[in-house]
Amino acid sequence: VTLELSRLDAAAVRISVLDNGPGMSEEVCQRVFQPFFTTRSSGTGLGLAVVECVVRAHGGSVRCESTPGQGAAFHIDLPLVTEPTPLPAGASAKDYS
């Protein structure tokens, strides 16, 4: 597994997770973010659905690229935060550590 971080522009970054595994068909790649979809005999099929939900909650997007026999790449694009975000009333930084 390889992790890459790149700056897309002044307002966004990309985190890429790449592997050299067996890859996926286009049909599977389009469905991997659907809740309960899995190609494995065990597992819930929720991992990538949760990833997509969290990424979208932060204003980003995630996509899959793959070719059978050539591995897979997942790209997470996130907006950069240039201004500090105030904590909710009554919260402290230690509540988030």
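Guide: Let's start with the term itself: on a 1 Å grid over the protein atoms alone, a pocket is an open set of points with protein on both sides within 12 Å along at least five of seven lines. Keep in mind that this is a predicted model. The largest pocket here holds about 550 Å³ of space. Its lining takes in 23 residues, and the ones nearest the centre are Met-24, Thr-39, Arg-40, Leu-48 and Phe-74. Strand E2 (12-19), helix H2 (47-57) and strand E4 (72-79) are the elements that each give two or more residues to that lining. E2 has the largest share, with three residues. Sorted by class, the lining comes out as twelve nonpolar, nine polar and two charged residues.

Now for the cysteines. Searching the whole structure turns up one disulfide, and it joins Cys-29 to Cys-64, with 2.2 Å from S to S. The link is left-handed, at -100 degrees about the S-S bond. Cys-29 sits in helix H1 (residues 26-31) and Cys-64 in strand E3 (residues 61-66), so the pair ties together parts that are 35 residues apart in sequence. Both ends are tucked away: Cys-29 counts as buried at 6% relative accessibility, and Cys-64 counts as buried at 16%. Cys-53 is in no disulfide, and the nearest cysteine sulfur, which belongs to Cys-64, is 18 Å away. With a relative accessible area of 52%, Cys-53 is exposed, because the cut-off for exposed is over 50%.

Definitions and conventions. Residues numbered from 1 in each chain as written. Predicted model: local features only at pLDDT ≥ 70, side-chain atom pairs only at ≥ 80, totals over all residues. Heavy atoms only, no water. Disulfide = S-S within 2.5 Å. Helix = DSSP H or I, 4+ residues; strand = E, 2+ residues; numbered from the N terminus. Buried < 20%, exposed > 50% of the residue type's maximum accessible area, 1.4 Å probe, protein only. 1 Å grid on protein atoms, 1.4 Å probe; cavity = no way out; pocket = protein on both sides within 12 Å on 5 of 7 lines; lining within 4 Å. Points joined across faces, edges and corners; volume = space filled by probe spheres on them. Nonpolar A, V, L, I, M, F, W, Y, C, P; charged D, E, K, R; others polar.
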